Amino acid sequence: MKFTHFLCLFLLLVSCKKTEQNLTKITGKNIAIDTTIAASEEISKMIKPYKEELTGDMQEPLTFTPIDLTKENKGKQSNLGNLLADLCIEMANPVFLEKTKTNIDFSMFNSGGIRAIIPKGVVTRERAFKVMPFENELVVVTLSGDKMQELIQYFVKTKAAHPLSKNIDLTINKDDYTLKINGKPFDKNKTYTVLTTDYLQSGGDRMNFFKNPLKLTVLDYKMRDCIIDYFKKVDTLKTAIDNRIKLK
Amino acid sequence: MKRRDFIKRTGAVSTLALAGGLVLPSMIAKKQKHITILHTNDTHSHIEPFSANHSRNPNRGGVARRATLIQQIRQENSNTLLLDAGDIFQGTPYFNYFGGELEFKLMSMLKYDVATIGNHDFDNSIEGLYKQLPNAKFDFVSANYDFKNTVLDTHVKPYKIMVKEGVKIGIFGLGIELEGLVNKKMYKETGYLDPIEITQDITDQLKNKEKCDLIICLSHLGYYYKSNPNKISDLNLAKATKNIDLIIGGHTHTFLPKPTIVKNSDGKNTLINQVGAYGLNLGRIDFYFDEANEKSTKSTTILV
């Protein structure tokens, strides 16, 4: 063996590059981030100017609620879901009416889209952001009777309290149902206009009945802006669990 | 040449070296190495701690506190990696106002190494995510999103390999199916590939070609879907594949009290961990290695 060969081999061994790593032990835990940990000054300093810009805007009081408004599912309704479904149709209908000379029949959203509760007391702009953090746009779909039946079947089958506006009068008896819309029995030979979001219209939460509507009207109105406009309009939020859904 | 043969054939050389007064055996003897993996998921723009009067999480969370904790752990062990499993965006007005700028800047200051992409990271559309990339001094990995026909093309790699104290760590990303979850106008032409098939390919590459000592999956698939048990999830992925040591999960906001141990398709242990959401917790997994001449068949002790 030549000396250069010897040197190469020697260096290879010394460098230890090729040794195996045998995994002998693993430990795991999840650590709570709480008040026992001091805040990093460097990070707080970085956040500060952003925070100041936000706080001013966000703390503006817009309205008031005497009770907690939550997503708590009471017979497929929630008081917050009812409020949102009702306020959206109230605020969006004039926009739709101006565009199309027709009214919206009802609204439907998804319960998963409500991202926070509204605790009793003063309601700030920040709260509207928490309830509806997404940039979802309101849209109106015109549905055939068949798609309407799919929509109701979807609602009847799910356990979730997907928000429906008070235009709906639905009695569910196991898998069977009777439905009135704006006081008139559901007619599967008619078409219906439904207010929802662009997210759900594109099949979000598997609401596929919204996917290929007879007609799609974009209102250029964000759901959060709609909520904020309504909060500015009313002094006190009034909503309740009512008879729009009856479970037999 | 196999490692074993190599050692045998050079035995004579070792003896010579010893004779020369060099301490070669100490290099061959076992040396313990320690790698710490820290992780978050679904932080959802929660920059500040929850307020003192919050009903569920009063005074909890906050990036400034997370920074202190991470700093302390890095001082204990400099061989630390910091990872995130997606949904960095959306959830507080910080995102609505600043589009994710502050989230990425802070993660860069905390020295995150790698993150994957969650469904909400498309909330300002794929262009909105692309626009914020210059603020991120860390890498994004995703193996099953095909960004070829989008602005993210070449900006997101399937995996990243990091070497800490000679331990080779392969980190790959998996994202949830976007159809039906995110508006198509947001994710545009992002393609979705089957997570199990991709995982088989990638882990084979990481294990057998790249010779990684540790393989970590950053997953935004979700921990498990009780009402849809066959839907791809971290639990199902772990069982159906091999070679993954650790899955760091997200999406389902699952607050695991401790990591879950699952037997993979080879009958070996895979760890799954997820720390809920909103930066309320930091996950910590420590891996200890013994350096040896040969791959040991001895089992690994897991203490969770």
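**Where chain A meets chain B**

A:Ile26 stands opposite B:Ile302 in strand S14 of chain B. The two strands concerned are S1 (residues 20-32) of chain A and S14 (residues 301-303) of chain B, which pair in the parallel sense over 3 bridges. Two strands count as paired if DSSP finds at least two bridges between them; strands (E, at least two residues) and helices (H or I, at least four) are DSSP runs, numbered from the N terminus.

This is a predicted model, in which local features need pLDDT of at least 70 and side-chain atom pairs count only at pLDDT 80 or more, while totals for chains, interfaces and linings use all residues. Residues are numbered from 1 along each chain as its sequence is written, chains are lettered from A and ligands numbered from 1 in the order in which they are written, and side-chain values use heavy atoms, with hydrogens and water left out.

The interface can be described by its contacts, meaning heavy atoms within 4.5 Å. On that rule, 85 residues of chain B touch 56 residues of chain A. The area buried between the chains is about 6,300 Å², and carbon and sulfur atoms give 63% of that area. Buried area here is the accessible area (1.4 Å probe) that two parts lose on being put together, summed over both.

Polar contacts are pairs of N or O atoms within 3.5 Å; within protein, one must be able to donate a hydrogen and the other to accept it, and residues adjacent in sequence count only if both atoms are side-chain atoms. Between chain B and chain A there are 28 residue pairs in polar contact, both residues at pLDDT 80 or more. On the chain B side, strand S13 (residues 281-292) supplies the largest share of the residues touching chain A, namely 12.

The rule for salt bridges (a side-chain nitrogen of Lys or Arg within 4 Å of a carboxyl oxygen of Asp or Glu) finds 3 across the interface of chain B and chain A. B:Glu179 and A:Lys211 form a salt bridge at 3.8 Å, N to O.

A:Ser44 lies in helix H2 (residues 41-58) of chain A. Leaving aside neighbours within four places in sequence, A:Ser44 is in contact with A:Ala39 and B:Ala64. Its relative accessibility is 33%, partly exposed, where buried means under 20% relative accessible area, exposed over 50% and partly exposed in between (1.4 Å probe, protein chains only).

B:His44, not a glycine, has a positive phi of about 45°. B:His44 sits in the loop between strand S1 (32-40) and helix H4 (63-76) of chain B and is buried, at 3% relative accessible area.
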